[in-house]
Amino acid sequence: MLEGLTILIFLQFTGELIAGVTRLPIPGPVIGLALLAGFALWRGRMPEPVVIAGDAILRHLSLLFVPAGVGLIAFGDRLAREGLLIVIVLVLSTAITMAVTALVFRALTRDDGDSA
Amino acid sequence: MTLRSLDPSAFWIYLAEQPLFFLAITLAAYLVGDRIAAATGRHPLANPVLIAILLVGTALLVSGTSHARYFEGARFVHVLLGPATVALALPIWRNRALIARHWRAIGAALGIGALVGIGSTLILARLLGLSGATLASLAPKSVTAAIAMGIAEQVGGTPPLTAVLVIATGILGAVMVTPLMNLLRIRDYAARGFAVGIAAHGIGTARALQVNEKAGAYAALGMALNGLVTAILVPLLLFLFR
C-alpha cells in the first residue's frame, strides 16, 4: 500500500513539475496519469504495488470530492441567480454528448462482428 | 464539570478549533450518504457525495463556520485527489484489450464525444447568457471531479462549483442513459457504456456496471480516457471561445 502510494504521489509530483516547466495549462495529476498509463502500456505490465494502492484509493474516490464540494456554501448567490439555466445546460449537453458518442461508436463497430 | 463546559455554543467553539473534528464530520457525513444510497438500492438520485455536501454545508452555514476553517481538517481527504487521478491509469491498463480490438471506434467516439461534451456546454451556456466564471466551471463537467476541479482551476473557473456540477452531470447521465439509448435504438452495450462513461464519468460508470458488465468496462475506459482528452481540450476550446 505504502509503496504504491509513494509511486502515485511521485508521478503526481513529476506531472506538476512538467506542467510547471512547460507552462501547459493541464493539471499535474493528469500528466501523471498519462505517464503511468504510457509506462504500463509500453512495458506491458502495471507494477503490483500501484494496483494495490490505486484500487484502495479509487474504491472511495467520490469521498474525496466532499471537502471541495462543501465550498459551494460560498456561492449561494450565484446558484440562486444562474441555477436554473445551469440545469438546462447540463441536461441538454449531457443528452447530446451521450447520443453522439454512442452513435459514432456504433457506426464504427458495426462491421467488427462484435456488437452483441 | 463547570457550567460553562455545558454551554452548547462554547462547546462548538472548542470543537471548531480542532481540525480533526472536521475530518471526522466529513467521513461521517459520507458514511451517512452512503447508507442512504444503499437503502434506496443505489438509485442515482440518492448520491452519497451530494448528501454529504448538503449535510456538511448545512452544518457549516447554521454554525457560521467558514469553509477555510472546515478545510483545515478536511484537506487530509482532499489531498488524496492527486494520487487518485494518477491511479485512473488502472482502468485504461485493465481494458487495453478493448482498445486494441476497437481502437478506431474508441478513438473516434472519444475525440468527438469529448469535443461535443465541452462544445455543447459552452455554446448552450453562452446562448443562455451565463457568466464567464460559470462557463469555465461548466466546461469540464463531463469528467470525474478529481480531474475537472484541476481543469477549472487552470482556466479561471470555480473548483467547488465544478465539483457539484460534475456530480449533477453524473446523476443526469445515469438517469437518462437507458431511456435515451432505447429511444435511439442503440442496443450494443459497448456503445451504451462508452457513451455514459464519456458524458457522465464515475456516476455514469456505476450505473453502467449495474446494468451490464460489458457496459461497465467500456464506461470505465471512457471515463479515464476522457479525463485525459478533456484536460487538453478545455483550455484550447475556452481560448477559442473567448
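Biologist: Which hand does the crossing of helix 5 of chain A and helix 11 of chain B have, left or right?

Modeller: The crossing of these two helices is right-handed. A crossing gets that label if the near helix is turned clockwise from the far one by less than a right angle, and it is left-handed if anticlockwise. Helices here are DSSP runs of H or I with at least four residues, strands are E runs of at least two, and both are numbered from the N terminus. Keep in mind that this is a predicted model, where local features need pLDDT of at least 70 and side-chain atom pairs pLDDT 80 or more, while totals for chains, interfaces and linings use all residues. Residues count from 1 along each chain as its sequence is written, and chains are lettered from A and ligands numbered from 1 in the order in which they are written.

Biologist: At what angle do helix 5 of chain A and helix 11 of chain B pack, and what is that arrangement called?

Modeller: Helix 5 (residues 76-109) of chain A and helix 11 (residues 159-183) of chain B pack at about 50°, with axes 9 Å apart. That makes helix 5 of chain A oblique to helix 11 of chain B. The scheme calls angles under 35 degrees roughly parallel, over 145 roughly antiparallel, 65 to 115 roughly perpendicular, and the rest oblique. Axes are lines fitted to C-alpha atoms, for helices over the stretch in contact, and angles run from 0 to 180 degrees between N-to-C directions.

Biologist: How do you know which residues of helix 5 of chain A and helix 11 of chain B meet?

Modeller: Two residues are in contact if their C-beta atoms, placed from the backbone, lie within 7 Å. Among those that meet are A:Ile86, A:Leu90 and A:Met98 in helix 5 of chain A, and B:Leu165, B:Leu172 and B:Met176 in helix 11 of chain B. By class, this contact has 14 nonpolar, three polar and no charged residues. Nonpolar covers Ala, Val, Leu, Ile, Met, Phe, Trp, Tyr, Cys and Pro; charged covers Asp, Glu, Lys and Arg; the others, Gly among them, are polar.

Biologist: How many residues does each chain bring to the contact, and which helix of chain B gives the most?

Modeller: Chain B brings 93 residues and chain A 65. On the side of chain B that touches chain A, helix 11 of chain B gives the most, with 15 residues. That side divides into 67 nonpolar, 20 polar and six charged residues.

Biologist: What makes chain A more spread out than a compact globule?

Modeller: Chain A has five helices and zero strands. Its radius of gyration is 20 Å, well over the 13 Å that the globule rule gives for 116 residues, so chain A is more spread out than a compact globule. The radius is taken over C-alpha atoms, and the rule is 2.2 Å times the number of residues to the power 0.38. Along the principal axes, the C-alpha atoms of chain A fill a box of roughly 50 × 50 × 30 Å.

Biologist: Where do the domains of chain A lie?

Modeller: Chain A is divided into domain 1 (1-59) and domain 2 (74-116), with bounds that come from an automatic or database domain assignment. The centres of the two domains of chain A, over C-alpha atoms, are separated by 28 Å.

Biologist: Why are helix 1 and helix 3 of chain A called roughly perpendicular?

Modeller: The axes of helix 1 (residues 2-22) and helix 3 (residues 48-59) of chain A come within 7 Å and cross at roughly 90°. That makes helix 1 of chain A roughly perpendicular to helix 3 of chain A. A:Leu5 and A:Leu8 are among the helix 1 residues in their contact, and A:Val50 and A:Ile52 among those of helix 3. The contact has seven nonpolar, two polar and one charged residues.

Biologist: What makes helix 8 and helix 12 of chain B oblique to each other?

Modeller: Chain B has 13 helices and zero strands. The axes of helix 8 (residues 103-127) and helix 12 (residues 189-211) of chain B come within 10 Å and cross at roughly 40°. Helix 8 and helix 12 of chain B are therefore oblique to each other, and their crossing is right-handed. Their contact has six nonpolar, two polar and no charged residues.
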